[in-house]
Amino acid sequence: MSDGPPHLPKGMHLLADFHGVAADRLQDPLSIETLLREAAHMAGATPVGGHFHPFGPGLGVTGVLLLQESHISIHTWPEHGFAAVDVFMCGRARPERAIHVLQAALQPESVTCRETPRG
């Protein structure tokens with residue numbers, strides 16, 4: 001006997017660690033915001049707001065891009081060549097496409113990505 005249709009997730013949450021990124025790609029908040037907006041667009045998501053904060057010359061950036069479909073966030077450590085990326089999208093958006101855009105632009109030596117269905 002079936003309990004009805006299988007449970008489908010409401011969205012997909014991707015956590016990606018980008019290692020071995022050139023420091024100059026991780027320091028400029030305007031460039032990072034532009035990149036996250038491009039990633040959202042390529043994933044089929046719609047930005048509705050965002051905030052990006054630089055920590056000073058030669059230091060990292062933290063930022064979040066709010067989406068109708070949820071969010072993309074990033075925190076960078078240029079001194080370690082590292083960026084932590086969080087992409088959560090629901091509906092028809094494709095969060096893995098956002099990760100691919102970010103990977104192509106930041107050109108990390110390695111990426112570790114964890115995928116978690118939500119809901």
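Mentor: We will take the salt bridges, then the cysteines. This is a predicted model, in which local features need pLDDT of at least 70 and side-chain atom pairs count only at pLDDT 80 or more, while totals for chains, interfaces and linings use all residues. Residues are numbered from 1 along each chain as its sequence is written, and side-chain values use heavy atoms, with hydrogens and water left out.

Trainee: OK, how many salt bridges does the structure hold?

Mentor: There are three salt bridges, the term standing for a side-chain nitrogen of Lys or Arg within 4 Å of a carboxyl oxygen of Asp or Glu.

Trainee: Which residue meets Arg114 in a salt bridge?

Mentor: Its partner is Asp17, with 3.8 Å from N to O. The pair links distant parts of the chain, since Arg114 sits in strand 6 (residues 110–118) and Asp17 in strand 1 (residues 11–19), 97 residues apart. Strands here are DSSP runs of E with at least two residues, helices are runs of H or I with at least four, and both are numbered from the N terminus.

Trainee: And Arg114, how accessible is that one?

Mentor: Arg114 counts as partly exposed because its relative accessibility is 41%, where buried means under 20% relative accessible area, exposed means over 50%, and partly exposed lies in between (1.4 Å probe, protein chains only).

Trainee: Where do Arg37 and Glu33 lie?

Mentor: Both belong to helix 1 (residues 29–42), four residues apart, which is about one turn of the helix.

Trainee: What about Glu96, what does it form a salt bridge with?

Mentor: Glu96 pairs with Arg94, and the closest N and O atoms are 2.5 Å apart. Glu96 is partly exposed at 27% relative accessibility, and Arg94 is partly exposed with a relative accessible area of 37%.

Trainee: Switching topic, how many disulfides are there?

Mentor: The structure holds zero disulfides, a disulfide being a pair of cysteine sulfur atoms within 2.5 Å. Cys90 is in none, and the nearest cysteine sulfur to it, that of Cys113, is 18 Å away.
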